[in-house]
Amino acid sequence: MFLYGINDLFDKDTDKLNAKKISKEIRVTKRNDILYRVVILGAILFAIPLFPIFNEKSQLLLIVFLILSYFYSAHPLRFKARPILDFSSN
């Protein structure tokens, strides 16, 4: 929910130009950004109570995952728009 919600929030402009969204996927023409933000926040809030049960290595990996997931689509870094960062973040 976190990864795809962030992606949907920041891909509005590129989705308009993506032919695959017409032939293989569904293009959402009207998005409710507030709903996306609530769902993303809900996913984060759901994960917070689980955080202390992980060991330190798992906590660090989770933090790195969340940072990479966010900046894969979000500005100013937007890894998916930069070939080297796109590859390395995945």
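Helix α1 crosses helix α4 in a left-handed manner. The model described here is a predicted one. In this model the protein contains six helices and zero strands, and its elements follow one another along the sequence in the pattern α-α-α-α-α-α. Of the 90 residues in the protein, 20% are buried. Where contacts join residues at least 6 apart in sequence, 50% of these contacts in the protein link residues at least 24 apart.

The pairing of α1 with α4 involves residues 2–10 for α1 and residues 33–47 for α4. The two helices pack at an angle of about 155°, and their axes lie 9 Å apart. Because angles over 145 degrees are classed as roughly antiparallel, α1 is described as roughly antiparallel to α4. On the α1 side, the contact is formed by Phe2, Gly5, Ile6, Asp8 and Leu9. These residues meet Asp33, Tyr36, Arg37, Ile40, Ala43 and Ile44 of α4. By residue class, the contact of α1 with α4 comprises seven nonpolar, one polar and three charged residues.

Helix α1 also packs against α5, at an angle of about 20° and with the axes 8 Å apart. Since angles under 35 degrees are classed as roughly parallel, α1 is roughly parallel to α5. The crossing of these two helices is right-handed. Phe2, Leu3, Ile6, Asn7 and Phe10 provide the α1 side of the contact, while Leu66, Ser69, Tyr70 and Ser73 provide the α5 side. The residues of the contact of α1 with α5 are divided into six nonpolar, three polar and no charged.

Helix α5 spans residues 56–73 and includes Gln59. The relative accessibility of Gln59 is 18%, and the residue is therefore counted as buried, the limit being under 20%. The side chain of Gln59 reaches the backbone oxygen of Phe51 at a distance of 3.1 Å. When neighbours within four places in sequence are set aside, the residues in contact with Gln59 are Phe51, Pro52 and Phe54. Phe51 accordingly figures both as a contact of Gln59 and as the residue whose backbone oxygen is reached by the Gln59 side chain.

Terms used
Residues numbered from 1 in each chain as written. Predicted model: local features only at pLDDT ≥ 70, side-chain atom pairs only at ≥ 80, totals over all residues. Heavy atoms only, no water. Axes fitted to C-alpha atoms, helices over the stretch in contact; angles between N-to-C directions. Helix = DSSP H or I, 4+ residues; strand = E, 2+ residues; numbered from the N terminus. Parallel < 35°, antiparallel > 145°, perpendicular 65-115°, else oblique. Left-handed = near helix turned anticlockwise from the far one by under 90°. Contact = heavy atoms within 4.5 Å. Nonpolar A, V, L, I, M, F, W, Y, C, P; charged D, E, K, R; others polar. Buried < 20%, exposed > 50% of the residue type's maximum accessible area, 1.4 Å probe, protein only. Polar contact = N/O pair within 3.5 Å; in protein donor to acceptor, adjacent residues only side chain to side chain.
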